[in-house]
Amino acid sequence: MRIAIIGPGAVGTTIAYELQQTLTDVTLLGRSTKEMHIAPANQTVQAYNIDETDTPFDIIIIAVKTHQLKDLIPKLHRLSHHETIFILAQNGYGLLSRLPFKHIYQAVVYISAQKSDNKVVHFRDYRLHLQQDARTAKLKQLFDHTKIEIVLENDIEEKIWYKLLVNLGINSITALGKNTAQILKIKEVETLCRALLNEGREVAQAEDIDFPDTIIDEIMTIYAGYPDHMGTSMYYDVINQQPLEVEAIQGFIYRKAKEHDIQTPHLDTVYALLMSHHTLAYD
Ligand code: NAP
């Protein structure tokens with residue numbers, strides 16, 4: 001099996017490094033040829049320029065940010081064959097339909113890492129959740145002796161929506177509040193966060209994803225366990241004036257709300273303001 005990981009960032013470098021420890025044909029591809037350093041392993045991973053690579057791969061794991069996918073898609077034809085399996089290892093949802101290929105999967109990513117320049121620090125977890133079928137079962141087998149754990153789901157949609165809700169609450173308030181997880185100590189922010197989660201839950205319900213009433217408290221408890229100074233990716237992207245993954249997270253839920261005619265005043269406001277940051281970062 002020839003495996004390519006596209007996107008030598010926090011998630012992509014972690015996956016490539018761990019697979020390379022056991023599997024023989026794993027290539028990390030990026031926008032340029034460069035050496036990535038990975039901590040705490042204190043090792044290097046070579047990333048190759050995607051434009052200088054043209055042999056097809058059997059498995060392609062895409063770990064670019066959601067707004068970076070568009071530029072990548074035209075290059076994927078050259079790197080794949082008819083039976084290539086594509087895995088989107090990204091947060092958010094709604095982009096699978098942009099991939100004009102036969103075997104495409106949305107992964108729910110539980111890998112916590114951060115990139116700055118050419119250095120990636122891995123914090124915790126090595127998990128990718130995927131819809132169960134014959135292909136993903138083989139993939140799980142292939143990865144069995146690596147640290148990258150494939151968890152097969154009977155209903156991946158539920159896992160995707162759960163992660164969407166988790167991202168909806170904390171990403172929105174930390175990004176717009178320009179504050180780390182401690183922002184939830186402000187009563188009014190906590191109320192806003194709960195309102196967002198509640199709207200997200202209603203939209204999920206309209207999409208036939210039935211979360212129990214207790215899910216809001218459950219997610220708030222997860223947030224309460226975050227260290228005070230932990231930022232989210234959207235928080236860091238706002239602080240660093242980078243484009244945001246807003247279309248694939250808040251925007252995806254917003255569009256679903258409109259489709260189902262559900263009133264989501266908090267989400268509408270948050271989405272509009274995040275879009276403003278996103279647009280400024282592109283200017
Ligand atoms: P990241 O560190 O910014 O990495 C993205 C990488 O993609 C960068 O190295 C970037 O290249 C590369 N890239 C962009 N466009 C490309 C192209 N056209 N061809 C090849 N490479 C390209 O992002 P990340 O944190 O790994 O996040 C990836 C996805 O995983 C996101 O959807 C994120 O929400 C999700 N996720 C992340 C975490 C986490 O802890 N980091 C956890 C769960 C989920 P350059 O180096 O040239 O900029």
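This is a predicted model: local features need pLDDT of at least 70, side-chain atom pairs count only at pLDDT 80 or more; totals for chains, interfaces and linings use all residues.

With a relative accessibility of 24%, Arg2 counts as partly exposed.

**Salt bridges between separate parts of the chain**

- The structure holds 15 salt bridges, and one of them joins the side chains of Arg2 and Asp25, with an N to O distance of 3.2 Å.
- Because Arg2 belongs to the segment before β1 (3-6) and Asp25 to the loop between α1 (10-20) and β2 (26-30), this pair ties together parts that are 23 residues apart in sequence.
- Asp25 is partly exposed, its relative accessible area being 27%.
- A salt bridge also links Lys75 with Asp51, whose closest N and O atoms are 3.2 Å apart.
- Here Lys75 lies in helix α2 (residues 69-76) and Asp51 in the loop between β4 and β5 (57-62), so the pair ties together parts that are 24 residues apart in sequence.
- Lys75 counts as partly exposed at 26% relative accessibility, and Asp51 likewise counts as partly exposed, at 47%.

- Lys187, Glu190, Arg194 and Asp217 are linked in a network of salt bridges.
- Glu190, a member of that network, is found in helix α5 and is buried, with a relative accessible area of 19%.
- Between Glu190 and Gln205, which are 15 residues apart in sequence, the C-alpha to C-alpha distance is 22 Å.

**Nonpolar core**

- The largest nonpolar core has 43 residues, of which Trp161, Leu164, Ile173, Phe211, Ile219, Tyr223 and Ile253 touch the most other members.
- Two or more residues are given to this core by each of α4 (156-177), α5, α6, α7 (233-239), α8 (250-259) and α9 (265-282), and the greatest contribution is that of α4, with 11 residues.
- As a general background, nonpolar side chains tend to be buried together in soluble globular proteins.

**Surface charge**

- A patch of negative charge on the surface is formed by Asp155, Glu158, Asp208 and Asp210.

**Backbone features**

- Most residues other than glycine have a negative phi, and most peptide bonds are trans.
- The peptide bond from Ala39 to Pro40 is cis, with omega near 5°, and Pro40 is found in the loop between β3 (34-39) and β4 (43-49).
- Asp125, although not a glycine, has a positive phi of about 70°; this residue is placed in strand β8 (residues 119-131) and is partly exposed, with a relative accessible area of 32%.
- Asp261, which is also a residue other than glycine, has a positive phi near 60°; Asp261 is located in the loop between α8 and α9 and is exposed, with a relative accessible area of 64%.

How values were computed:
Residues are numbered from 1 along each chain as its sequence is written. Side-chain values use heavy atoms; hydrogens and water are left out. Patches are made of residues with over 30% relative accessible area and no salt bridge: like charges are joined within 9 Å, nonpolar side chains (Val, Leu, Ile, Met, Phe, Trp, Tyr) within 5 Å. Accessible areas come from the Shrake-Rupley method with a 1.4 Å probe; for residues, only the protein chains shown count as cover. A salt bridge is a side-chain nitrogen of Lys or Arg within 4 Å of a carboxyl oxygen of Asp or Glu. Lys and Arg count as positive and Asp and Glu as negative; His and the chain ends are not counted. The place of a charge is taken as NZ of Lys, CZ of Arg, CG of Asp or CD of Glu. A nonpolar core is a set of buried Ala, Val, Leu, Ile, Met, Phe, Trp, Tyr and Cys residues joined through side-chain atoms within 4.5 Å. Buried means under 20% relative accessible area, exposed over 50%, partly exposed in between (1.4 Å probe, protein chains only). Helices (H or I, at least four residues) and strands (E, at least two) are DSSP runs, numbered from the N terminus.
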